[in-house]
Amino acid sequence: MQTIRVQWVASSASGETLTDSNEGQIYLSENCVKRLLEIAEASEFLRLQVEGGGCSGFQYKFSLDTVVNSDDRIFEQGGARVVVDLDSLSFVKGAMVDFNQELIRSAFQVVNNPQAEQGCSCGSSFSVKL
C-alpha cells in the first residue's frame, strides 16, 4: 500500500484559506483516493468523525457530505477530499485513511493511528493514548 502525504488546507467561514501543519494532518492511501474518486459526486467528500462509543471507547464514523463547516480541515489528494472537524482531528492526527475490500465487507478505515492505544478487531473503535 503506497502512502500519500497531504497537508491540510481549510477554508474559514469568511472564505479565507488557512494552512498550518501544527494542528495535525492525516494521510490518504492510494486505495482511499481511488475509491473516493469512484463513489463521490463532484461536490461530495468523505467526512471522518470520531464519536464516543464502540467497544473500545471511541469509534470512527465515515459519511459522504457536501457541507464544509468553519471548524473543518480539508485533506485533498488527486481530487479526492477527506474532511475532519478539529475535535476529531485531535484523535486521528498522523493516521492514514484507507479503503479495504474483503469478501465479507468493504469499508473506509483509519489505520496506523498514533493517537490510539488499542482498537477492536473490526477496526471501527479504539481507545486513546493518555
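Colleague: Let's begin with charges. Which residue forms a salt bridge with Glu51?

Modeller: Glu51 forms one with Lys61, and their closest N and O atoms are 3.7 Å apart. Keep in mind that this is a predicted model. Glu51 lies in strand β5 and Lys61 in strand β6, so the pair ties together parts that are 10 residues apart in sequence.

Colleague: What does Arg35 pair with?

Modeller: Arg35 forms a salt bridge with Glu38, with 3.0 Å between the closest N and O atoms. Both sit in helix α1, 3 residues apart, which means that about one helical turn separates them. An α-helix has 3.6 residues a turn, so residues three or four places apart point the same way. As for solvent, Arg35 counts as partly exposed, at 30% relative accessibility.

Colleague: Which residues of α1 are buried, then?

Modeller: Cys32, Val33 and Leu36. Looking down the axis of α1, these buried residues fall within an arc of 95 degrees, so they line one face of the helix.

Colleague: Let me step back to the overall layout. How many helices and strands does the chain have?

Modeller: There are 2 helices and 12 strands. Along the sequence the pattern reads β-β-β-β-α-β-β-β-β-α-β-β-β-β. Of the 130 residues in the chain, 38% are buried. Among contacts with a separation of 6 or more, 53% come from residues 24 or more positions apart.

Colleague: Now the inside. How many residues are in the largest nonpolar core?

Modeller: That core has 22 residues, and those with the most contacts inside it are Ile26, Leu48, Tyr60, Val82, Val84 and Val92. The elements that give two or more residues to the core are α1 (30-39), β5 (45-52), β8 (80-85), α2 (86-92), β9 (96-101) and β10 (106-111).

Colleague: Pick Val82. What does Val82 touch?

Modeller: Leaving out residues up to four places away in sequence, Val82 touches Ile26, Leu28, Cys32, Leu36, Leu46, Leu48, Arg73, Ile74 and Phe75. Cys32 and Leu36 are also among the buried residues of α1.

Colleague: How do β7 and β8 pair?

Modeller: In the antiparallel sense, over 6 bridges, with β7 covering residues 72-77. Ile74, for instance, has Val83 in β8 as its bridge partner. The two strands form a hairpin with 2 residues between them, and Gly78 in the turn has a positive phi of about 60 degrees.

Colleague: Which residue other than glycine has a positive phi?

Modeller: Asn112 is one of those, with phi near 50 degrees. For background, most residues other than glycine have a negative phi. Asn112 is in the loop between β10 and β11 (116-119), and at 60% relative accessibility Asn112 counts as exposed.

Colleague: Last one: where is Asp85, and is Asp85 buried or exposed?

Modeller: Asp85 is in strand β8 and counts as buried, at 11% relative accessibility. Setting aside neighbours within four places in sequence, Asp85 is in contact with Leu48, Gln49, Asp71 and Asp72. Asp85 and Asp72 are 13 residues apart in sequence, with 4.1 Å between their C-alpha atoms.

Technical notes
Residues are numbered from 1 along each chain as its sequence is written. This is a predicted model: local features need pLDDT of at least 70, side-chain atom pairs count only at pLDDT 80 or more; totals for chains, interfaces and linings use all residues. Side-chain values use heavy atoms; hydrogens and water are left out. A nonpolar core is a set of buried Ala, Val, Leu, Ile, Met, Phe, Trp, Tyr and Cys residues joined through side-chain atoms within 4.5 Å. Buried means under 20% relative accessible area, exposed over 50%, partly exposed in between (1.4 Å probe, protein chains only). Helices (H or I, at least four residues) and strands (E, at least two) are DSSP runs, numbered from the N terminus. Contact means heavy atoms within 4.5 Å. Two strands pair if DSSP finds at least two bridges between them. The arc is that of the directions from the helix axis to the C-beta atoms. A salt bridge is a side-chain nitrogen of Lys or Arg within 4 Å of a carboxyl oxygen of Asp or Glu.
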